Amino acid sequence: MSGMRFLYSNGVVSCSPDAPPVTAFLESLPGSYTTTRTHENGTTLLFWERHLKRLSNSTRILLNSNPELMFKANKKIPLLFSPFSVTSSLKWESRIRSLVSNSLNQVLPIALKERSNGEELAVTALVSGDIEKLKAMKNVGGGGDDDNGAFQVLDLHLHIGSYIPSVFGIEESGAHLALVGRGRDLADAKYSDWVRLRKPLEKSRPPSVTELLLSNDGDRILEGCITNFFVICQRDKSEAEGKYLDDYNNVNSVEVQTAPISDGVLPGVIRQLVIEVCHSKGIPVCEVAPSWEKHRLWEEAFVTNSLRVLQHVETIKVPQPWESLESKSFEGISWIEKKFQGPGIITKVIQKGIMERASTESHPLNESI
């Protein structure tokens, strides 16, 4: 299947190696979306229930607060959007689940048959508003609470392509990061327009860097453009109260840090799993944005998203001064670099814990979605 991509839109399934890559697919359509992948040689869909819930929440948030991000308006005849009043409910989640599942059941079996052995499938589901349906609807939005009316103006689009996961922990398989831009304005929902909004950051990408980090002040690191960011940081001994364990290299002498959702970071599916695994393993975790001023205390670092799952960090570059990003390209910026020696023991424990959960929380693909 290598190179083959499958699209589903308006009830039509198409497959072609000439179909757009997923970034172009997302740029072409407004809306909320989620991306996951198959696991264990195409036999399960990773953390599918969590992805459906996140997609439902993102759709509701956008309809209620930024409906213009859900609809592609006619530039010649702009449409003024009134916020909807979609409630957070099991009924709403069930409707989104039905919309996605009915479509995915039409295209995923075809893609699985074409999948090459050893490949996984990257699956992106995007919920978009139909502007013509919106025009035809009456008594929708404008402070109403008609969840059913809001649901009637939604369409579902799917993009499926091949994906070969990297092997965790092997030499030179880590991420190389650079801090290059400010945080996003609307992070509590995952929406396609972010693909376009993050493009200007590329001018500051140093060579060989695989992910771009975001910060509003050049010190507190929020997240990556397509990942959540974590560090394992030495703790103040007085805070740890002298309670050091032999397990996990004195686990209580360090803590896992990641920026809180309230700082404006995406509530990633794997991010939440990291926090849950840390709690279950007794690994201290603190939702605070890692401070570059304390980077000498960072012992390990990793990034997460739904395709990579968890990837250890090998290097982080930070511009000096932070303000130099405003007017210069990569060539005119001075960088400070921090290096890590492969995945550390705590990173390995967390990664193993997530993959153990994958075996119980992934949807078997011998059943209907």
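**A walk through the model**

Keep in mind that this is a predicted model.

Let's start with a strand. Find S5, residues 120-129. Now look at the two faces. In a regular strand, side chains alternate between the two faces of the sheet. On one side of S5 sit Glu 120, Ala 122, Thr 124, Leu 126 and Ser 128, all buried.

Who are the partners of S5? One is S3, residues 32-39, which runs antiparallel to S5 and is joined to it by six bridges.

Next, the cores. The largest nonpolar core has 68 residues. Which residues have the most contacts inside it? They are Leu 63, Leu 104, Leu 154, Ile 160, Phe 229, Trp 298 and Ile 316. Helix H3, residues 90-114, supplies the largest share of this core, eight residues. The core also draws at least three residues from each of domain 1 (5-165) and domain 2 (175-361).

Zoom in on Trp 298. Leaving out neighbours within four places in sequence, its contacts include Phe 229, Ile 232, Cys 233, Pro 290, Trp 292, Ile 316 and Phe 340. There is also a second, separate core of 21 residues. Among its members are Ile 232, Val 269, Ile 346 and Ala 358.

Stay with Cys 233 for a moment. How many disulfides does the model have? The count is zero. For Cys 233, the nearest cysteine sulfur belongs to Cys 286, 9.6 Å away. Cys 233 is buried, at 3% relative accessible area. Cys 278 is buried as well, at 0%.

Now some backbone details. Most residues other than glycine have a negative phi, and most peptide bonds are trans. Here are some exceptions.

Glu 40 has a positive phi, near 55°. Its place is the loop between S3 and S4 (44-45). Is Glu 40 buried or partly exposed? It counts as partly exposed, because its relative accessibility is 44%.

Phe 47 also has a positive phi, near 50°. You'll find Phe 47 in the loop between S4 and helix H2 (48-65). With a relative accessible area of 1%, Phe 47 is buried.

Then the peptide bond. Gln 320 and Pro 321 are joined in cis, with omega about -5°. Pro 321 is in the loop between S14 (309-320) and S15 (334-339).

Last stop, another proline. Pro 267 lies in the loop between S11 (254-258) and helix H8 (269-281). Pro 267 is partly exposed, at 29% relative accessible area. What does Pro 267 touch beyond four places in sequence? Arg 54, Ala 187, Asp 188 and Ile 261. Take Arg 54: it is 213 residues from Pro 267 along the chain, with the C-alpha atoms separated by 8.3 Å.

That's the tour. Questions, please.

Methods:
Residues are numbered from 1 along each chain as its sequence is written. This is a predicted model: local features need pLDDT of at least 70, side-chain atom pairs count only at pLDDT 80 or more; totals for chains, interfaces and linings use all residues. Side-chain values use heavy atoms; hydrogens and water are left out. Buried means under 20% relative accessible area, exposed over 50%, partly exposed in between (1.4 Å probe, protein chains only). Helices (H or I, at least four residues) and strands (E, at least two) are DSSP runs, numbered from the N terminus. Two strands pair if DSSP finds at least two bridges between them. A nonpolar core is a set of buried Ala, Val, Leu, Ile, Met, Phe, Trp, Tyr and Cys residues joined through side-chain atoms within 4.5 Å. Domain bounds come from an automatic or database domain assignment. Contact means heavy atoms within 4.5 Å. A disulfide is a pair of cysteine sulfur atoms within 2.5 Å.
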